[in-house]
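Let's walk through a few local features of this model, starting with charged side chains and moving on to a strand pairing.

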Amino acid sequence: MLSNHESELESISCGVAQGSVFGPLLFLIYINDIQYAISSSNTKVKLFADDTNLFLHNRDPAQLFHSANTCMAQLCEWFTVNRLSLNLDKTCYSIFGPNHKDMKGFKLYISSKEIEHVECCKYLGILIDSDLKWQDHINYVYNKLIKFISIFYNIRTKLSEKILRMIYFAFVHSHLSYDIEVYANTTANHL
C-alpha cells in the first residue's frame, strides 16, 4: 500500500519475485542442471549469478566453430525448455590465442542470429583481450583510478598518514590488486 492505494493481486505461475530473499538461491537451484545441457566433453559451462559462459578449445577452427554452434543450439534449447530467455544483445564471443586472426571467416549463431565477435570481453570483472596482452584491462583500471589522483593531491597535507592509508585501501588498492595475478603477467611496457 502506498498513499492509500493498493495494487492488484496477481498470480505468479513461473519465476520468483524480484528482490525476494530466496530469489538468488531458488534461481541457482533452478539452473543447477545447465551443466548437463551441453554434450561436448571439451566444453566447460561457467556460471556466475545469471551470467553463463562457455569455454571451448580446439586447434582446428572448423571443428571449433562446429562445436561452438552445436553447444549454442543445445544451450538455447535448454533455455527454451526451462522458460528462460537469452539476451542476444548481450551475447558475444571472443577467440583467444596467437592464431585467433585465422578464424575471421567463421560465424557463431543462436537461433539463426549471428552472435557478435568482440576483440575484448569482460569476465568476472576483468577485461580479456584476444591477444592476452591485458592492455584493455590495464587502461580500464587506470581510468578508474585516475580520478583519485586529484583527491589524494588535495588531501595529502590535511589528513594523517594513517587516514590516507585507510582511504587508499578503501578506494584504490582493491582495484589494483583484483586479478593482478592474471593481468600483471603482461609486458612491463603495458604495465
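Lys107 is partly exposed, at 36% relative accessibility; on this scale buried is under 20% relative accessible area, exposed is over 50%, and partly exposed is in between, using a 1.4 Å probe and protein chains only. Its salt-bridge partner is Glu114, with the closest N and O atoms 3.6 Å apart. Glu114 is partly exposed as well, with a relative accessible area of 43%. A salt bridge here means a side-chain nitrogen of Lys or Arg within 4 Å of a carboxyl oxygen of Asp or Glu, and by that rule the count is two.

Keep in mind that this is a predicted model, where local features need pLDDT of at least 70 and side-chain atom pairs count only at pLDDT 80 or more, while totals for chains, interfaces and linings use all residues. Residues are numbered from 1 along each chain as its sequence is written, and side-chain values use heavy atoms, leaving out hydrogens and water.

Lys113 pairs with Asp89 in a salt bridge, and there the closest N and O atoms are 3.8 Å apart. Lys113 sits in strand 5 (residues 113-114) and Asp89 in the loop between helix 2 (61-81) and strand 3 (92-93), so this contact ties together parts that are 24 residues apart in sequence. Helices (H or I, at least four residues) and strands (E, at least two) are DSSP runs, numbered from the N terminus. Lys113 is partly exposed at 37%, whereas Asp89 is exposed at 68%.

Now for the hairpin. Strand 7 (residues 120-123) and strand 8 (residues 126-129) run antiparallel, joined by four bridges; strands pair if DSSP finds at least two bridges between them. Tyr123 has Ile126 in strand 8 as its bridge partner. Two residues lie between the strands, and Leu124 takes a positive phi near 50 degrees in this hairpin.
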